[in-house]
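Subject: Handover of a structure and its findings

Dear colleague,

Please find the structure below, together with its sequence. My findings follow it, and I would ask you to read them with the model open beside the text.

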Amino acid sequence: MTRPLREPGLTQLGVEHGFGVRDFAEPAGLRRPRQVHGAVVVRGEDCQGDDRPEADAVVTSVPGETVGVITADCVPVLVGTRDGRAVAAIHAGWRGLAAGVIEAGIDALRHIASSGPDPAPPLVAALGPHIGSCCYEVDAPVTDALAERFAGPLAGALAPSQRDARWLLDLAHLVTADLERCGLASSDIFVLSDSCTQCDAVRFHSYRRDGPRSGRLVHFITACTEAAERTQRTVRG
Ligand SMILES: [Zn+2]
């Protein structure tokens, strides 16, 4: 069976999650919205059946419920409270980033987490496989769209390209900047290394490489059950 990739920072906290690779099948019962490159957030329980809502982030605090997003080059972002009680999956490409999908997802996660024992728990985030700055060439319409929200970080996310009027964009740099702006500590933001979707055709699907017929990678995160929390507490002592 094909196993998903785990991010050590989330694994260490006992948060059940995975970043998809080729041939990793969608987990049973996964709640995910119909993605449209926007900034709308929904709850996992709204994503059942065939009539799923359009959104690009999904949150849940229902114990044992698994939420997720699918990607092929965009950045999958999995976020959770440290106790794993409330979790979010966010789909972040340049359109979603420009629209503020990270902030919207974090706001919604904090809202559902605020009913827990700690009303403002610290959050931990992991960025999964996405098209790297080695491959992601963009033009002025993309950089213009990002310029307003990312006036500061954008300069640090762009590198010169071989072609005129093109740049190489580091999406993870922008996602990280937005997570930090939302109050996450940089030490609580993890980036899965060595995982450019376009470079690595063996492990990943890539829209840029494979075109409209490209497959999609499935990513998921599960809200901890109380039993899992108890185990965590025991392990931590
Ligand atoms: Zn690459």
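**Helix α6 and its surroundings**

At the start of α6, a side-chain oxygen of D170 comes to within 3.2 Å of the backbone nitrogen of A172. Please bear in mind throughout that this is a predicted model.

Helix α6 covers residues 171-181, and eight of its eleven residues are buried, so the helix is largely enclosed by the rest of the structure. The buried residues are L171, A172, L174, V175, T176, A177, D178 and L179. After α6 comes G183, which has a positive phi near 105°.

**The sheet of six strands**

Six strands make up an open sheet with mixed pairing, in the order β2-β3-β6-β5-β7-β11. At its edges stand β2 (41-43) and β11 (189-191), each of which pairs on one side only. From one strand to the next, the twist averages 20°.

The pairing of β5 can be followed residue by residue:

- With β6, β5 pairs in the antiparallel sense over six bridges, and G80 stands opposite V87 there.
- With β7, β5 is joined by five bridges, and these two strands also run antiparallel.
- In β7, V124 is the bridge partner of G80, while L123 stands opposite T81.

The hairpin of β5 and β6 has five residues between the strands, and in it G84 takes a positive phi near 70°.

Two helices lie against this sheet. Helix α3 lies across β2, β3, β5, β6 and β7, running at about 170° to β6. Helix α6 packs on the sheet as well, where it touches β5, β6, β7 and β11, and its direction makes about 175° with that of β7.

The loop between α3 (101-113) and β7 (123-127) contains A120. Is A120 buried or exposed? A120 is exposed, because its relative accessible area is 61%, and the cut-off for exposed is over 50%. A120 and T81 are 39 residues apart in sequence, and their C-alpha atoms are 9.2 Å apart in space.

**The sheet of three strands**

Three strands form an open sheet in the order β8-β10-β9, with antiparallel pairing. Because β8 (137-138) and β9 (158-160) stand at the edges with a single partner strand each, one side of each is left without a neighbour in the sheet. Three bridges join β9 to β10 (residues 167-169), and P160 stands opposite W167 in β10. Helix α4 (residues 140-147) lies across β8, β9 and β10, at about 50° to β10.

**The zinc ion**

Which residues are the protein donors of the zinc ion? They are C134, C135, C196 and C199, each through its SG atom, at 2.2 to 2.3 Å from the ion. In sequence, these donor residues follow the spacing C-C-x60-C-x2-C. The four donor atoms subtend angles of 102 to 117° around the zinc ion, which makes the arrangement tetrahedral. For reference, the ideal angle for four tetrahedral donors is 109.5 degrees. C135 is buried, because its relative accessible area is 19%, and buried means under 20%.

Yours sincerely

Note on methods: Residues numbered from 1 in each chain as written. Predicted model: local features only at pLDDT ≥ 70, side-chain atom pairs only at ≥ 80, totals over all residues. Heavy atoms only, no water. Pairing = 2+ DSSP bridges. Helix = DSSP H or I, 4+ residues; strand = E, 2+ residues; numbered from the N terminus. Contact = heavy atoms within 4.5 Å. Axes fitted to C-alpha atoms, helices over the stretch in contact; angles between N-to-C directions. Buried < 20%, exposed > 50% of the residue type's maximum accessible area, 1.4 Å probe, protein only. Polar contact = N/O pair within 3.5 Å; in protein donor to acceptor, adjacent residues only side chain to side chain. Donors = N, O, S within 2.8 Å, 3.2 Å for Na, K, Ca; no water. Tetrahedral: all angles 85-135°; square planar, octahedral: opposite > 155°, others 65-115°.
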